[in-house]
Amino acid sequence: MSTKPSTTRPSGKIVPASLRNAYPADAAAITTIFLEARATSMAYVPTLYSQAEIRDWVVNDLMNRCKVMVACIDRTVVGFTVRYNDWLEQLYIHPDRQGLGIGTLLVEQAKRASSGTLRLHVFQQNLRARHFYARHGFTVECLRDKSQNEEQVPDMVCLWRAGR
């Protein structure tokens, strides 16, 4: 599956973006985006694993167990989502490509691929992500303390339902 939407840079220039299923060869780019996005936007989240361990997780767990989509500009992976059933497990955009609508393309694709509901976890401190998800129709289902994830950072579960 490949879609060819476009995003607009702040300068107004249209940037063609495409979505496709991830390939094992995308693991290095996905790992880099994951690490750089977290380092840039979520300094409060500890780095628990090495780059090699995260790459192994991407290849051996995510790509085998989940539906992984990538967003590409000029054939370069610039963002990704990981969906498992009706859970949006991961959504990350490279820091240099944030604010161009790529996250919107990815979350809207995940919503279309869902059964009509989609849940996700987001760190409570991640205000930018919380606002993004709220703009896309997600509501807070519950707040969770830091004991419920391996990062030991308070998070929340958000829910989207079709037709809301």
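Predicted model: local features only at pLDDT ≥ 70, side-chain atom pairs only at ≥ 80, totals over all residues.
A residue counts as buried when its relative accessible area is under 20%, as exposed when that area is over 50%, and as partly exposed in between.

**Aromatic contacts**

Phe34 has a relative accessibility of 8% and therefore counts as buried, and Tyr92, at 9% relative accessibility, counts as buried as well. The structure holds six aromatic pairs. In one of these pairs, the ring centres of Phe34 and Tyr92 lie 5.0 Å apart with their planes at 70°, so the arrangement is edge-to-face. Because Phe34 belongs to helix α1 (residues 27–41) and Tyr92 to strand β7 (residues 87–93), this pair ties together parts that are 58 residues apart in sequence. Phe34 and Tyr92 are also members of a cluster, linked by ring pairs, that includes Trp57 and Phe80.

**Salt bridges**

A search of the whole structure finds six salt bridges, and the table gives details for some of them, including one that involves Arg65.

| Salt bridge | N to O distance |
|---|---|
| Asp61 and Arg65 | 2.9 Å |
| Glu108 and Lys111 | 3.1 Å |
| Arg144 and Asp155 | 2.8 Å |

Asp61 and Arg65 both lie in helix α2 (residues 51–65), where four residues, or about one turn of the helix, separate them. Asp61 counts as partly exposed at 25% relative accessibility, and Arg65 is likewise partly exposed, with a relative accessible area of 36%.

Glu108 and Lys111 are three residues apart in helix α3 (residues 102–113), so about one helical turn separates them. Glu108, at 26% relative accessibility, counts as partly exposed, whereas Lys111 is buried, with a relative accessible area of 9%.

The salt bridge of Arg144 with Asp155 has its closest N and O atoms 2.8 Å apart. Because Arg144 lies in strand β9 (residues 139–144) and Asp155 in strand β10 (residues 155–161), the pair ties together parts that are 11 residues apart in sequence. Arg144 counts as buried at 16% relative accessibility, and Asp155 is buried with a relative accessible area of 3%.

Methods:
Residues numbered from 1 in each chain as written. Heavy atoms only, no water. Phe/Tyr/Trp six-rings, centres within 6.5 Å; stacked < 30°, edge-to-face > 60°. Helix = DSSP H or I, 4+ residues; strand = E, 2+ residues; numbered from the N terminus. Buried < 20%, exposed > 50% of the residue type's maximum accessible area, 1.4 Å probe, protein only. Salt bridge = Lys/Arg side-chain N within 4 Å of Asp/Glu carboxyl O.
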